[in-house]
Amino acid sequence: STERSHSQVFIRIFAYDKRQLEYLRKVNAHRGQRVSIFGRLSSYKTEYKGNSYITLTVICRDISIISSR
């Protein structure tokens, strides 16, 4: 099938707490991995080459890795 049945949205996550960064290093977190996040969602509009984009960012207060079982 050439038709997409779902779409993915990637959101940048900023973890400011040292405990969160230590946890992510300990569990060997990598880009694209599923996580559960508690925090604040913010958005802002940008323009690039005449096109408007909305950028989503999460200011993270707590994070945990979701197991892929």
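Helices (H or I, at least four residues) and strands (E, at least two) are taken here as DSSP runs, numbered from the N terminus. The structure is a predicted model, in which local features need pLDDT of at least 70 and side-chain atom pairs count only at pLDDT 80 or more, while totals for chains, interfaces and linings use all residues. Residues are numbered from 1 along each chain as its sequence is written, and side-chain values use heavy atoms, with hydrogens and water left out.

Of the 69 residues in the protein, 9% are buried, where buried means under 20% relative accessible area, exposed means over 50%, and partly exposed lies in between (1.4 Å probe, protein chains only). The protein exposes about 6800 Å², of which carbon and sulfur atoms supply 48%; accessible areas come from the Shrake-Rupley method with a 1.4 Å probe, and for residues only the protein chains shown count as cover. With a contact defined as heavy atoms within 4.5 Å, 56% of the contacts between residues at least 6 apart in sequence join residues at least 24 apart.

Strands β2 and β3 run antiparallel and are joined by 14 bridges, two strands being taken to pair if DSSP finds at least two bridges between them. Within this pairing, E47 stands opposite S52 in β3. The two strands, β2 and β3, form a hairpin with two residues between them.

Positive phi values occur in two loops. K49, in the loop between β2 and β3 (51–65), has a positive phi of about 50 degrees although it is not a glycine, and K49 counts as exposed because its relative accessible area is 72%. N28, which lies in the loop between α1 (18–26) and β2 (35–48), likewise is not a glycine but has a positive phi of about 55 degrees; with a relative accessible area of 61%, N28 is also exposed.

On the surface, I11, L41, I54 and L56 form a nonpolar patch with about 370 Å² of accessible area together. Patches are made of residues with over 30% relative accessible area and no salt bridge, like charges being joined within 9 Å and nonpolar side chains (Val, Leu, Ile, Met, Phe, Trp, Tyr) within 5 Å; a salt bridge is a side-chain nitrogen of Lys or Arg within 4 Å of a carboxyl oxygen of Asp or Glu. I11 lies in the segment before β1 (12–15), and its relative accessibility of 34% places I11 among partly exposed residues.
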